[in-house]
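Here are some notes to read alongside the model, written for someone meeting it for the first time. Please keep the structure open and look up each residue as you go.

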Amino acid sequence: MSSDFIKEDHHYIKTCILYEVLQKKPIFDSYRNFRKTVGPDVMDYPDFQFWYYRFYHGSRDFDYDRSADPEPKTLVDIPVVLMKKIAKYLDPVERTRLRTMNHAIKNVADSFPPVFRKIDIQVSNTYMIWSLNDKNFMCYKEGRRCSLHRPNCSIEKSETCHIKKGLEYLAPLLKMPNIQVNLLSLRLSKNTLNRNDFLPTSFNAKSVSIYGRNANQMTQFLSAMNPEHLVSICIDGSFSEFRPNYRMIFETDQFKQAKRVEFQSAWSSFSVEDLTNFSQLKRFKCHVRAANAFQDVPRIRDILCTFEELKSCELIFKGEWNTSIRDFAQALGEEIPIGPLPQGKVLTITHRYRIPESNARLVFKLKDGGNWCRFVIRRIR
């Protein structure tokens, strides 16, 4: 039976609504089944809702004349003061949806600074996935098409590129005025996104974690962070071309003003001289290249003595293949335990060093890792 015929037979339509009422299903499920049965364009939800609750409360007059009824109120008729009270109890993700309704409601939503605990974005050649706090969104490439998955929504098919489709939803949110996030996590494949595609000129993130494939890409996205707001930086990636270009990161205002920095990848190992760039940090973690433990370890200690702001750092110290924790310990003047260790124990050595002309000390804890040694260093004042 065609939807045009059904539209003309209002008794048939109301019989279908009454049937849904008698099934005792929630109204949203009933409306979904109603549309599936009679067609998606036969009746809008507000009209369905009127007849559903009329039948639900026992009025079965199919010929009831609605022309005398007062015009139903809509969301835009709610006073602004009441709208703000309602919006106050919505989470940041729910408030962003209000921005798409009309100008007045958008202004109400924007009156609450959008603050997120975490925004996580992953982009590759086949998918784009992002999460806003605990709500997950996914857009998958399917040949020349894509499918968009959103919380509490049906799957949306599109002829658009999966990245372009995802950005239709994500970019407006990230460019909201005064948006703030405690942690922004970006995991980017090579040449998939440009910073200007979805980030504003200055983004307020307290912490940022960036995984990329080259130093240029990572520096570009790091530079989008507001250095006055940024506290912590984590850099990760799998790229052999990082070493010649890492100085680009050192030169950013974001790195110079951060308090904590972590370089996770072994590709981003630094020379001893590079550590001088970390002097403004309270905490940092990185890999260090060492050609000679007996020369390099005392130099590292001397460099760290000059770091007035330092509270602690962690260095994954890689030496030549024949270098062991014993070489590192001897370079610091520590005695080496004699004899085998108890089963399951890892060799750990502690070294304490008083900073010249100061009451402060550096406490080194060396942990054996086979062909590497982990230094955990604290400055004690």
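1. **Ground rules.** Helices (H or I, at least four residues) and strands (E, at least two) are DSSP runs, numbered from the N terminus. This is a predicted model, in which local features need pLDDT of at least 70 and side-chain atom pairs count only at pLDDT 80 or more, while totals for chains, interfaces and linings use all residues. Residues are numbered from 1 along each chain as its sequence is written, and side-chain values use heavy atoms, with hydrogens and water left out.

2. **Two loop asparagines.** Asn-152 sits in the loop between β4 (145-149) and β5 (156-158), and its phi is near 60°, a positive value in a residue other than glycine. Most residues other than glycine have a negative phi. Asn-133, in the loop between β2 (127-132) and β3 (135-142), also has a positive phi, near 55°. Asn-152 counts as exposed because its relative accessibility is 79%. Asn-133 has a relative accessible area of 16%, so Asn-133 is buried.

3. **Domains.** The domain assignment gives domain 1 (3-57) and domain 2 (113-268); such bounds come from an automatic or database domain assignment. How far apart are the C-alpha centres of domain 1 and domain 2? They lie 44 Å apart.

4. **Helix α2.** Take a look at α2, residues 10-22. The expected span of a helix is 1.5 Å times one less than its number of residues. For the 13 residues of α2 this gives 18 Å, and the end C-alpha atoms are 18 Å apart, so the two values agree. Its buried residues are Ile-13, Lys-14, Cys-16, Ile-17, Leu-18, Glu-20 and Val-21. Just after α2 comes Lys-24, with a positive phi of about 60°.

5. **Aromatic pairs.** A pair of aromatic rings is described by the distance of the centres and the angle of the planes. Rings of Phe, Tyr and Trp (its six-membered ring) pair if their centres lie within 6.5 Å; planes under 30 degrees apart count as stacked, over 60 as edge-to-face and the rest as tilted. How many aromatic pairs does a search of the whole structure find? The search finds 26. In one of them, Trp-130 and Phe-137 are stacked, because their ring centres are 5.5 Å apart and their planes are at 0°. Both Trp-130 and Phe-137 are buried. The pair of Phe-250 and Phe-270 is tilted, with 5.6 Å centre to centre and 35° between the planes. This pair links distant parts of the chain, 20 residues apart: Phe-250 is in helix α10 (residues 247-250), and Phe-270 is in the loop between β9 (260-263) and β10 (283-289). Phe-250 and Phe-270 are buried too. Elsewhere, ring pairs join Phe-28, Tyr-31, Phe-34, Tyr-45, Phe-48, Tyr-52, Tyr-53 and Tyr-56 into a cluster.

6. **Arginines over rings.** A charge sits over a ring if NZ of Lys or CZ of Arg is within 6 Å of the ring centre and within 35 degrees of the ring normal. Arg-187 lies over the face of Tyr-211, at 3.9 Å from the ring centre. Arg-301 lies over the face of Tyr-353, at 4.2 Å from the ring centre.

7. Cys-139 is buried, with a relative accessible area of 0%. Cys-161 is in no disulfide either, and its nearest cysteine sulfur, that of Cys-146, is 7.3 Å away. At 43% relative accessibility, Cys-161 counts as partly exposed. Lys-165, in helix α8 (residues 162-174), is buried at 9% relative accessible area. Contact means heavy atoms within 4.5 Å; not counting residues up to four places away in sequence, Lys-165 touches Cys-139, Cys-146, Leu-148, Glu-156, Ser-158 and Thr-160.

Notes: Buried < 20%, exposed > 50% of the residue type's maximum accessible area, 1.4 Å probe, protein only. Disulfide = S-S within 2.5 Å.
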